[in-house]
There are 2 protein chains.
Amino acid sequence: MQTRSEETRANILQAALTLFARLGYEAASVEDICAEAGVSKGAFYHHFPTKQAVFLQLLHDWLDGLDAQFAQARQGAENAAQIFMRMTAAVPGIFRDADQRLPMFLEFWAQASRDEAVWQTTIAPYRRYRDYFASLIEQGVAEGVFRPVEPQAAARLIVALAVGMLLQGLLDPQEDDWQAITTESLKIMMNGLAAQKE
Amino acid sequence: MQTRSEETRANILQAALTLFARLGYEAASVEDICAEAGVSKGAFYHHFPTKQAVFLQLLHDWLDGLDAQFAQARQGAENAAQIFMRMTAAVPGIFRDADQRLPMFLEFWAQASRDEAVWQTTIAPYRRYRDYFASLIEQGVAEGVFRPVEPQAAARLIVALAVGMLLQGLLDPQEDDWQAITTESLKIMMNGLAAQKE
DNA sequence: TGTAAGATACCGACCGGTCGGTATGAATTG
DNA sequence: CAATTCATACCGACCGGTCGGTATCTTACA
């Protein structure tokens, strides 16, 4: 069977995800990961050349998942304002499996700020989303559904909202219903963008 | 003189700040820090009981600095909306020495999510600021300068904006003028909060 | 004021232990 | 049986922290 190998690989990735999130990249040792995965060190280094390769694979998978969710939000709806409100629908999906992926998200960010390879992997999709938001806003301004705001700033504001909510949810998980708060916050922000009613 | 001791201590803190930011908490070894500070390992452990104690001290100092800047923003101005706009004035101060403190900010957050001592130190001021914002907004709503928004959500929105901007500035430092963008974003968000003009 | 006594600040070699990664051979698979 | 997949034993580097000892400064007393 070919599945044994793939299963081992998947176990390693899952274990790494868990331990990177729980302990951080440095503190989670290869041995820890192997133990968690129920796999030997030999198996680990058979499937991945380095510890960092595992990390990069997890980052890659995560970004792919994000892409899929955004693509879903994009479907239907021509209006720029509508697309944003649809993204609210993506919020539950992002927060759902939060326990594991939220700490990893922070770990990704921390590594990106000092590791060239991680940075390269992170920065491209970040800019893509950001610029996509900016063009959406530009379009919305042209359509008259948005006030004449600076698209650059507004796009970064949206990203800041997303990132900031994720981080607060990570720091203080049980305190709030972060889905509801994010949705409400999006509404407030959209008020700031939306053209005045006459 | 007593100053020699204090100078050594200050050197260690400065070196630790630099290296924690550049390499991360785990990767920055005590020896590295000592080398950077021009100090022996003995001196290090004379002034601090553990590596983590240095980290906590840096965190403490940073939070104190933030407190001071917020207190300054609070001065004058009774109106809730005015206080927020004054906080724009604090933005340059936060971004100014960014090279060193921004990566550390992320390091603080990452550690806080898994280290109990760091979490305790972080969560209290976080909640303080957040709740202060919420009460400001509540007041603003009562005064009629803000729309009837949910104060809880709005406060978290503001924190998210701050945190999200800091993180973007960290990830993509040279790309943008983050001061200007943060200011402009604040303006957009205040539009979302401000009561409709009649 | 000169000096002895003691406290404080600092040095750097060293320790037990852990790390990421490798070498090599056994088991499983097709 | 050939190749892939995994297990075990191991390596050298490095880590946080300790410790015995030295230098420097403060204090007290003659």
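Student: How many residue pairs are in polar contact between domain 1 of chain A and domain 2 of chain A?

Tutor: This is a predicted model. Chain A is divided into domain 1, residues 1-48, and domain 2, residues 56-193. Between these two domains the rule finds 0 salt bridges. With both residues at pLDDT 80 or more, the count of residue pairs in polar contact is 1.

Student: Which three residues supply 54% of the area that domain 1 of chain A buries against domain 2 of chain A?

Tutor: The two domains of chain A bury about 850 Å² between them, and 68% of that area is on carbon and sulfur atoms. On the side of domain 1 that touches domain 2 there are 6 nonpolar, 3 polar and 1 charged residues. More of the area buried by domain 1 comes from these three than from any other three residues: A:Leu13, A:Leu17 and A:Ala21.

Student: What separation is found between the centres of domain 1 of chain A and domain 2 of chain A?

Tutor: The domains are in contact, through 10 residues of domain 1 and 9 residues of domain 2 in chain A. Their centres, taken over C-alpha atoms, are separated by 29 Å.

Student: Which residue of chain B comes closest to the rotation axis?

Tutor: Chain B is superposed on chain A by a rotation of 180° with 0.0 Å of shift along the axis, at an RMSD of 0.1 Å. The two copies are therefore related as by a two-fold rotation axis. Since 100% of the interface residues of chain B are also interface residues in chain A, the copies meet through the same surface. At 1.7 Å from the axis, by its C-alpha, the closest residue of chain B is B:Gly192.

Note on methods. Residues are numbered from 1 along each chain as its sequence is written. Chains are lettered from A and ligands numbered from 1 in the order in which they are written. This is a predicted model: local features need pLDDT of at least 70, side-chain atom pairs count only at pLDDT 80 or more; totals for chains, interfaces and linings use all residues. Side-chain values use heavy atoms; hydrogens and water are left out. Copies are superposed by least squares on the C-alpha atoms of residues with pLDDT of at least 70 in both. Contact means heavy atoms within 4.5 Å. Domain bounds come from an automatic or database domain assignment. Buried area is the accessible area (1.4 Å probe) that two parts lose on being put together, summed over both. A salt bridge is a side-chain nitrogen of Lys or Arg within 4 Å of a carboxyl oxygen of Asp or Glu. A polar contact is a pair of N or O atoms within 3.5 Å; within protein, one must be able to donate a hydrogen and the other to accept it, and residues adjacent in sequence count only if both atoms are side-chain atoms. Ala, Val, Leu, Ile, Met, Phe, Trp, Tyr, Cys and Pro count as nonpolar, Asp, Glu, Lys and Arg as charged, and the others, Gly among them, as polar.
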